[in-house]
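Please keep the sequence and the structure in view while reading.

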Amino acid sequence: MENYWTSNKPINGLRHFVLVNETKEKGNISFLMVSVLDSEINLKTTFEELINSGNWHKGWINLSKHQTITEEYVNYKSINKGKGIDEIFINEDSLFNIS
């Protein structure tokens, strides 16, 4: 599975993500995606959403700064200032597991 993805629409104001974890839950594959610019921006998505929804593009698309970091991100950060993030658990077989 490709590890680098661009969201067609900003997610909390950001568009470039990496797939850091792949898990099976009740027979369904899900993926943990984390923004390359801010680990507080992360989400779980399904194989179907990632591949077939038309919401994601494999790889990173070269975008202008204004398209990559939107005003929505600034608003998100000001609203969630100081809240911190939940821990992100990386599987042992993840490319991002460096322990």
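The side chains of K77 and D38 form a salt bridge, with a distance of 2.9 Å from N to O. K77 belongs to helix 3 (residues 71-79), whereas D38 sits in the loop between strand 3 and strand 4, so this pair ties together parts that are 39 residues apart in sequence. The model described here is predicted.

The two partners can also be described by their accessibility. K77 counts as partly exposed, because its relative accessibility is 27%. D38 is buried, because its relative accessible area of 9% falls under 20%.

E40 lies in the loop between strand 3 and strand 4 and K77 in helix 3, so the contact ties together parts that are 37 residues apart in sequence. E40 is partly exposed, with a relative accessible area of 25%. Through salt bridges that share partners, D38, E40 and K77 are joined into one network.

How many salt bridges does the structure hold? There are three. One of them is formed by the side chains of K44 and E25, at 2.9 Å from N to O. This pair links distant parts of the chain: K44 is in strand 4 (residues 42-46) and E25 is in strand 2 (residues 14-25), 19 residues apart.

Is K44 buried or exposed? K44 is exposed, because its relative accessible area of 57% is over 50%.

S30 is located in strand 3, which covers residues 28-35. This serine is buried, because its relative accessible area of 8% is under 20%.

Which residues does S30 contact, leaving aside its neighbours within four places in sequence? They are N21, E22, T23, E25, T45 and T46. Among these contacts of S30 is E25, the residue whose side chain meets that of K44 in a salt bridge. E25 is placed in strand 2 (residues 14-25), and S30 is placed in strand 3.

Notes: Residues numbered from 1 in each chain as written. Predicted model: local features only at pLDDT ≥ 70, side-chain atom pairs only at ≥ 80, totals over all residues. Heavy atoms only, no water. Helix = DSSP H or I, 4+ residues; strand = E, 2+ residues; numbered from the N terminus. Buried < 20%, exposed > 50% of the residue type's maximum accessible area, 1.4 Å probe, protein only. Contact = heavy atoms within 4.5 Å. Salt bridge = Lys/Arg side-chain N within 4 Å of Asp/Glu carboxyl O.
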